[in-house]
Structures are given as C-alpha cells and as structure tokens.
Amino acid sequence: MKLLEGKTAIITGASRGIGKGIAEVFAKQGANVAFTYSSSVEAAQELENELAALGVKVKGYQSNAADFEQAQKLVEDVVAEFGAIDVLINNAGITKDNLLMRISEADFDKVIEVNLKSVFNMTKAVQRTMLKQRSGSIINMSSVVGVKGNAGQTNYAASKAGILGFTKSVALELGSRNIRCNAIAPGFIETEMTAKLDEKTVQGWREGIPLKRGGTPEDVANACLYLASDMSTYVTGQTLNVDGGMLT
Ligand SMILES: NC(=O)c1ccc[n+]([C@@H]2O[C@H](COP(=O)([O-])OP(=O)(O)OC[C@H]3O[C@@H](n4cnc5c(N)ncnc54)[C@H](OP(=O)(O)O)[C@@H]3O)[C@@H](O)[C@H]2O)c1
C-alpha cells in the first residue's frame, strides 16, 4: 500500500535539490504532485515527464512564492486542476550570505521575502481549501541554522527561525480543524549546489556529523513523507531535525 495514494501535494521549489527529491518520493508513494519553480523551465519539464511516467497526475508551475498574488493564483489553478490539496510543502528558499557588517538591506529583505513571507503567502492561500476539507498537512522547510543560528547568515537564520514560530502558531490555530503544521530542520544536505564546493571542505563537514555523512534529498523527503501521510495524524507543531545528529 502506497502511503500517499490519492493525495494531492503542492511542493514549492521542486525543480532541483531537496524539493525535487520530495516530488520523486511523493510520486512513488502515489501522490499527485503540483510543484513550483522560479526560473528552471527545462528542469521542471523534465521532472514533469519523469513523474508522469510513474502514473500520477503532475504539473509544474512557474510561480514566485514570495509574491502574495501569485501564490493565490497558483492555489486557485491547482484546485481547479487537481480538485483538492491535502499537503503543502513550503520548500522554496534562497541564501544571500554575508557578515552583518557587509550585508545590504536589499539582501536581508530578499531572503526574508523568499524564505519566510512565501510560507505565509502559501499557507494563507491553501487555508480555505483545507478548512473545507477538514484536513491537511503543512510542512515548512526550516534549517538547523534556524534552530541554532549561524555566523554569516543573519538573514537566512532569521527567516528559518521565523518559520518555526509561524509553524507552531498555525498548528495551534488550525488544529481544531484537523489541519496539521510541522517543520523540518535539515542539516547539511548534499545537492548539486554543494557538489560545486571544495571536496576537502565538504569532507571536514562530514566528519563533524555524528552519522559521518551529509544528508541526501531523499533523507529529507522521507521525513516529509512521514509528516504528510496518515502515519503522523497525531503530530503537529513539531520541528523534526534531519541532520545526522548535527545538533545533538
Ligand atoms: N541544502 C541544504 O543543505 C539545506 C539545509 C537546510 C535547509 N535547506 C532548505 O531546504 C530548501 C531547499 O534547499 P535546496 O538546497 O534544495 O535549494 P536549491 O537546490 O537552491 O533549490 C531551490 C528551489 O527553490 C526554487 N525557488 C527559489 N526561489 C523561488 C521562489 N521565489 N519561488 C518559487 N521557487 C523558488 C528554485 O527554483 P529554480 O530552479 O527555478 O531557481 C529551486 O527549485 C530551502 O528552503 C533551503 O533553505 C537546505
């Protein structure tokens, strides 16, 4: 029995990295997948073809999660096309790292907009549908950096910590309607982005992790699978660290 058979999920930022991994695991588990991206048109088309071959309904949407109106329109389109929204994964995110001394106001605002305001935009947009359904699971992608802080990432850490407060508040506000809201805090996840880094530096990071390896998009996707499925119907307002023990 597939864990997400018959469920429809919206995943933001799934053209690559962790979001793509989530889309793949969800489709394999029977979910219909609506996913978004910012500019990677070709990668999105490839993913659409790959997932459609698994026999689920799938559609990619170019939509800026940081834009309130675009989020509203996206959700209207998804409801019209798929008929329901059972799971929302707020995964889209960016970094613009710099020391506080050097960070610009524009780079602070941009990261807050794309990483945090997007979560508000999308959650508000799906709320009506989930309230009508009297069910829903919302999963927000935070980071160990949001839990612990990180020098050189004040903007990113603030956005990811803000997600945790938002998650707990939504869990309290919508729990009586059977809408759950949880966060995931990934540690060091190896994606195409980290593949470009110096191997010696990356090896140093791996050695500092209790499980002695970086995580994979699939590691994060499996945690999302648990929180999206009926395996977690009594779990809400939580942050699940998927970090190989990094923060322990
Ligand atoms: N990788 C890690 O080690 C790590 C650790 C902790 C937390 N995280 C979090 O996990 C999430 C995914 O990270 P990742 O490493 O997979 O990132 P990534 O490889 O850079 O992918 C980011 C995805 O988000 C999309 N995106 C960017 N801005 C967007 C916007 N305004 N609207 C809609 N989509 C947008 C991108 O689309 P395009 O391809 O079109 O640009 C892409 O699909 C992020 O929230 C990140 O902060 C990552």
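1. Is helix α9 largely enclosed by the rest of the structure or largely open? In this predicted model, nine of the twelve residues of α9 are buried, so the helix is largely enclosed by the rest of the structure. The buried residues are Pro217, Asp219, Val220, Ala221, Ala223, Cys224, Leu225, Leu227 and Ala228.

2. The surroundings of α9 can be named. Its buried residues pack against β1 (8-11), α1, β4, β5, β6 and β7 (239-242). The helix itself covers residues 217-228 and reaches 16 Å from its first C-alpha to its last, close to the 16 Å expected at 1.5 Å a residue.

3. After the helix comes arginine 134, which has a positive phi, near 60°.

4. Val111, Val114, Asn115, Leu116, Ser118, Val119, Asn121, Met122, Thr123, Ala125, Val126 and Met130 are buried. An α-helix has 3.6 residues a turn, so residues three or four places apart point the same way. Among the elements that cover the buried residues of α4 are α3 (68-82), β4 (87-90), β5 (136-141), α6 (154-174) and β6 (179-186).

5. The largest nonpolar core has 63 residues. Those with the most contacts inside this core are Ala9, Ile11, Ile22, Ala23, Phe26, Val33 and Cys224. Helix α4 gives the most to the core, with eight residues. Cys224, one of the residues with the most contacts in the core, is also one of the buried residues of α9.

6. Which residues are in contact with valine 33, leaving aside its neighbours within four places in sequence? They are Ala9, Ile11, Ala23, Phe26, Ala27, Leu51, Val56 and Val58. Of these contacts, Ala9, Ile11, Ala23 and Phe26 are also listed among the residues with the most contacts inside the core.

7. The ligand is surrounded by 28 residues, of which the closest are Gly13, Gly17, Ser40, Ala92 and Gly93. Helix α1 (17-28) and strand β2 (32-37) each supply at least two residues of this shell, and α1 gives the most, with three.

How values were computed. Residues are numbered from 1 along each chain as its sequence is written. This is a predicted model: local features need pLDDT of at least 70, side-chain atom pairs count only at pLDDT 80 or more; totals for chains, interfaces and linings use all residues. A residue is buried if 20 or more other C-beta atoms lie within 10 Å of its own, exposed if 12 or fewer, and partly exposed in between; C-beta atoms are placed from the backbone. Helices (H or I, at least four residues) and strands (E, at least two) are DSSP runs, numbered from the N terminus. Two residues are in contact if their C-beta atoms, placed from the backbone, lie within 7 Å. A nonpolar core is a set of buried Ala, Val, Leu, Ile, Met, Phe, Trp, Tyr and Cys residues joined through C-beta atoms within 7 Å. A residue is near a molecule or strand if its C-beta atom, placed from the backbone, lies within 6 Å of it. The expected span of a helix is 1.5 Å times one less than its number of residues.
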